[in-house]
Amino acid sequence: MKRGQAGRRAILGGIGALVLLAGCARTPPAREGYRDTTVPIGGTVRFDPKRFEGDWQVVAHMPDASAHPRNFSYDILGGMTESGEGPARRYRLREGSVLQEVATDVDTRLVVMWVDDDFRTAALGTVDGRRGTIFDRVPGGSADRTQAAVEVMQFYGWDVSQLIGVAK
């Protein structure tokens, strides 16, 4: 092989590596469902499972989440059950406002990201971003509290443009 050909091949190989690296730099953020999972998610520090108990109406939800009212009940063993239309889900409390679904092979953590002071409105979502919901104690909720919940979801990486039920 001649010197000129070897030099050209080395240059072309280097250019190819740079193009490959440049393509990697433009990789979109990791996203499963409706949340950028590279954004850390956190739960509210004011969560109180006893105050959270009761009936909740869906004010807004991601496309894969249920639009049906839900009920959360707290038991003496420190767990919570979510029920309503469809199957009930049983959770154990983790890290304050993180609910870990039991009896499943999948790591399904439901995070109570925000709840207002009077426990009238709440924003919940799974860590993987497949399920996100804004609940209120009354149908329709409150516009200002709903907006606060939307802003919290956006802060935690949710694509709030996908919310169903929120006036855009």
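The protein chain of this predicted model contains 3 helices and 10 strands, where helices (H or I, at least four residues) and strands (E, at least two) are DSSP runs numbered from the N terminus. Read from the N terminus, the order of elements is α-β-β-α-β-β-β-β-β-β-β-β-α. Residues are numbered from 1 along each chain as its sequence is written. Local features need pLDDT of at least 70, side-chain atom pairs count only at pLDDT 80 or more, and totals for chains, interfaces and linings use all residues, while side-chain values use heavy atoms, with hydrogens and water left out.

Of the 168 residues in the protein chain, 36% are buried; buried denotes under 20% relative accessible area, exposed over 50%, and partly exposed the range in between (1.4 Å probe, protein chains only). The accessible surface of the protein chain amounts to about 9600 Å², as given by the Shrake-Rupley method with a 1.4 Å probe, with only the protein chains shown counting as cover for residues. Carbon and sulfur atoms hold 55% of this surface. Among contacts (heavy atoms within 4.5 Å) with a separation of 6 or more, 51% are between residues 24 or more positions apart.

A search of the whole structure returned 10 salt bridges, a salt bridge being a side-chain nitrogen of Lys or Arg within 4 Å of a carboxyl oxygen of Asp or Glu. One of them pairs arginine 90 with aspartate 75, with 2.7 Å between the closest N and O atoms. Arginine 90 belongs to strand E6 (residues 89–94) and aspartate 75 to the loop between strand E4 (70–74) and strand E5 (79–84), so this pair ties together parts 15 residues apart in sequence. Arginine 90 is partly exposed, at a relative accessible area of 30%, and aspartate 75 is also partly exposed, at 22%.

A salt bridge also joins glutamate 82 and arginine 131, whose closest N and O atoms lie 2.3 Å apart. Because glutamate 82 is in strand E5 and arginine 131 is in the loop between strand E9 (121–126) and strand E10 (132–136), the pair ties together parts that are 49 residues apart in sequence. Both glutamate 82 and arginine 131 are buried.
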